[in-house]
Amino acid sequence: MPRRCSFKLELGYPQPLAGVDEAGCAPLAGPVVAAACVLDRDKFPRGIDDSKNLPIERREALYGRLMKSAVAWGVGICSVEEIDQINIYWARMLAMSRAVEALGLEPAWVLVDGNACPKWQRPSRAIVDGDAKCRSIGAASIIAKVTRDRIMADYAREYPGYGWERNRGYGTPEHWRALHALGPTPLHRRSFPKVLAAIQRDSQPELIFEEIRPAESFESHPPAVESIEPVQTQHLVEQPHTAA
């Protein structure tokens, strides 16, 4: 079966051409990381593909080769605070804009993974599943994914217990259990409804119920009053005496 990821979609565009992709839109915690990459079409690592289709060892190896062979590459990061302020869609767009700005050169054309491009003045095209079709976008997806994974591994040492070194902040059962047990960190995205609901639910005051004895009842009783014994009284009636 032929590989889908190639330069076929890129051949009609002028150079330098940048591929752009992001990583980290769906996780419960951590930043969004985007990357832009300009490949040398005569010298590039073989095996470039959508980062999600690559095992971690292969992805790391390709990342190292891209750092040495790419004409230019740049990374853009959008923080959790920015995500919560402008929402995840615009945070993604902002991260991609920052990635292109970090290239150190102005590309003649930009190919973006997804169905929309950032609101910039650059000539650009959005390609759905572009990271699996276009080598430049695939290269950007590898750079973005590896960069974000390393960031989350560093955060896992700062906030242990959530498993970020394994789940990268995604909503795995391990992560949800830790969120309920340990509470939220500054890196949790409170603008995500499920995260906010979990935080609010865990912050509710605990209700304590005590078991009542069988003899006790919730029925109302009249107030107890001190019993008063009736006082026995004698009435003496003196009869009048007549004279003999």
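Predicted model: local features only at pLDDT ≥ 70, side-chain atom pairs only at ≥ 80, totals over all residues.
Residues are numbered from 1 along each chain as its sequence is written, and side-chain values use heavy atoms, with hydrogens and water left out.

Q: What are the numbers of helices and strands in the chain?
A: Helices (H or I, at least four residues) and strands (E, at least two) are DSSP runs, numbered from the N terminus. From that terminus the elements run β-β-α-β-α-α-β-β-α-α-α-α. The secondary structure comes to 7 helices and 5 strands.

Q: Which percentage of the 244 residues of the chain counts as buried?
A: Buried means under 20% relative accessible area, exposed over 50%, and partly exposed in between (1.4 Å probe, protein chains only). Of the 244 residues, the share that counts as buried is 43%.

Q: Is Arg148 buried or exposed?
A: Arg148 lies in helix H4 (residues 135–158). Its contacts (heavy atoms within 4.5 Å) beyond four places in sequence include Gly24, Pro27, Arg168 and Arg189. The C-alpha atoms of Arg148 and Gly24 are 7.4 Å apart, although 124 residues separate them along the chain. Because its relative accessible area is 2%, Arg148 is buried.

Q: What is the orientation of H1 to H4?
A: Axes are lines fitted to C-alpha atoms, for helices over the stretch in contact, and angles run from 0 to 180 degrees between N-to-C directions. Helix H1 (residues 56–69) and H4 pack at about 110°, with their axes 9 Å apart. Angles under 35 degrees count as roughly parallel, over 145 as roughly antiparallel, 65 to 115 as roughly perpendicular and the rest as oblique. H1 is therefore, relative to H4, roughly perpendicular.

Q: Which strands and helix do the buried residues of H3 pack against?
A: Helix H3 (residues 88–101) has 14 residues. Its buried residues include Ala91, Met93, Met96 and Val100. The elements they pack against are strand S1 (17–23), strand S2 (32–38), strand S3 (72–78), helix H2 (80–86) and strand S4 (109–113).

Q: Which residue has a side-chain oxygen within 3.0 Å of the backbone nitrogen of Tyr89?
A: This pair of atoms is found at the start of H3. The backbone nitrogen belongs to Tyr89, and the side-chain oxygen that reaches to within 3.0 Å of it belongs to Asn87.

Methods
Expected span 1.5 Å × (residues − 1). Polar contact = N/O pair within 3.5 Å; in protein donor to acceptor, adjacent residues only side chain to side chain.
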